[in-house]
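Here's a quick briefing to read alongside the model. Have the structure open as you go.

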Amino acid sequence: MDSNSSSGGPRARDLVMNHIHICLRFIELLVQMFRVLASRRRRVERTYELGYDKHRQIIHNLVYKSDETCYKMLRMRRKPFEKLRDMLFEHGKLRDKRCVLVDEQLAITLHILGHNIRNRVISTWFQRSGETVSKVFRRTIRALIRLHRMLLKHPVPIGPNENDLRWSYFQGCLGAIDGTHIPIIVRKNQKAQFRCRKGFPTMNVMCACTPSKLITYILPGWEGSAADGRILRDALSRRNGLKVPSDNYYLVDAGYSNCQGFLAPFRGQRYHLSEWASGNHPAQTPEEVFNMRHAKARNIIETCFGALKQRWAVLRSPCFYDVKMTTLIIIACAVLHNFLTMEEPDDLLDTVVVEGQELGAEDDASNEPPEVISQVGQTDAWTAFRNNLAMDMWDSYH
């Protein structure tokens, strides 16, 4: 027994030493592998991260050289770009980061939004690493959203002295509300709930705008399969959601219920502008006259959606971000839309100028907030209001 135990001791020690030697060798191999990867990453960083003067030359050629180049690449001209840069610095809390100044961060973000291109393409164009581009884009998107209090203002109701004939019939109207579908990329287990009626995943975004195409409220995040009425009820139930005073209303299409605060057209009657384009079949009933004038005024929201998607390609095709980031991108595009509508109104076709109304006018001098609509429900009083409005239009039509 003593000889066996004495002979087993060295063998056990040798076995333990062999295991320790193997573990140390494995650790050395891991350290070498990490060193190789780190050196390769440093070489990639050095390849993209040029000197300060080189980067400033790239930004100068892209932004400050000419209005034509700036508009093609960033979807806005130099003067609005400089003003937006200053607003992001003063109010959006966007600051210079090492060698990436505020104007370069804004240029990278606008280029991604305007052309919907991948991170690697932007990193090659601006000679920055992919990590830098990703951080800059997310930081600038959040800075743009911080400007919503300055650019998303309270709507002003239509007054009795309205000059635009399309809106003169709708006294007290705040604008139009509708939903639009934004294509997105989702996980496989989420495709069913985000699939719209056309068969591909989308995000149903509700938006309210004024007669001058300025967005006053936007609610992204809902699945493409959600109904417009369901999204409207959710917007009204939120603490900081859609606020509609009881004395005012929005124009909506037939996808919404005709209820207090939301004036919908008559169903079963001609409505769309294409049905009135020929002029061979004029309106024959008060309901058709109401639908015709309702469609001409409510079409402002469709024009707003068209201008928004035409300028920002990231809203026309699925972007390369998750649902949460896509929601932030949509809000940032709405803020940019309002900014450019006020700065460059001539870029949008058929822009309506509302005279005698100031965008973003402050609330009434009284401290008492107006009574707002909190739920959607049909009432006899609102149905009578629409019928009386249709009869007034019919009398003026003749």
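Predicted model: local features only at pLDDT ≥ 70, side-chain atom pairs only at ≥ 80, totals over all residues.

Residues are numbered from 1 along each chain as its sequence is written, and side-chain values use heavy atoms, with hydrogens and water left out.

**Overall**
- The protein has 13 helices and five strands, taken as DSSP runs numbered from the N terminus (helices: H or I, at least four residues; strands: E, at least two).
- Of its 398 residues, 45% are buried (buried is under 20% relative accessible area, exposed over 50%, partly exposed in between; 1.4 Å probe, protein chains only).
- Among contacts (heavy atoms within 4.5 Å) with a separation of 6 or more, 68% join residues 24 or more positions apart.

**Helix H7**

**Salt bridges**
- There are 13 in the whole structure, each a side-chain nitrogen of Lys or Arg within 4 Å of a carboxyl oxygen of Asp or Glu.
- Glutamate 131 and lysine 135 form one at 3.2 Å, N to O; being four residues apart in H7, they are separated by about one helical turn.
- Aspartate 164 pairs with arginine 166 at 3.3 Å; the aspartate is buried at 16%, the arginine partly exposed at 25%.
- Arginine 238 meets aspartate 234 at 2.9 Å, with arginine 238 partly exposed at 39% and aspartate 234 buried at 13%.
- Asp178, Arg298 and Glu302 are linked in a network.

**Cysteines**
- Zero disulfides turn up (a pair of cysteine sulfur atoms within 2.5 Å).
- Cysteine 209 is buried at 0% relative accessibility, and its sulfur is 4.7 Å from the closest cysteine sulfur, in cysteine 304, so that's too far for a bond.

**Surface patch**
- Val16, Met17, Ile20, Leu24, Phe26, Ile27 and Val31 make a nonpolar surface patch with about 660 Å² of accessible area together (Shrake-Rupley method, 1.4 Å probe; for residues, only the protein chains shown count as cover).
- Patch residues have over 30% relative accessible area and no salt bridge, with like charges joined within 9 Å and nonpolar side chains (Val, Leu, Ile, Met, Phe, Trp, Tyr) within 5 Å.
- Isoleucine 20 lies in helix H1, residues 2-48, and is partly exposed at 43%.
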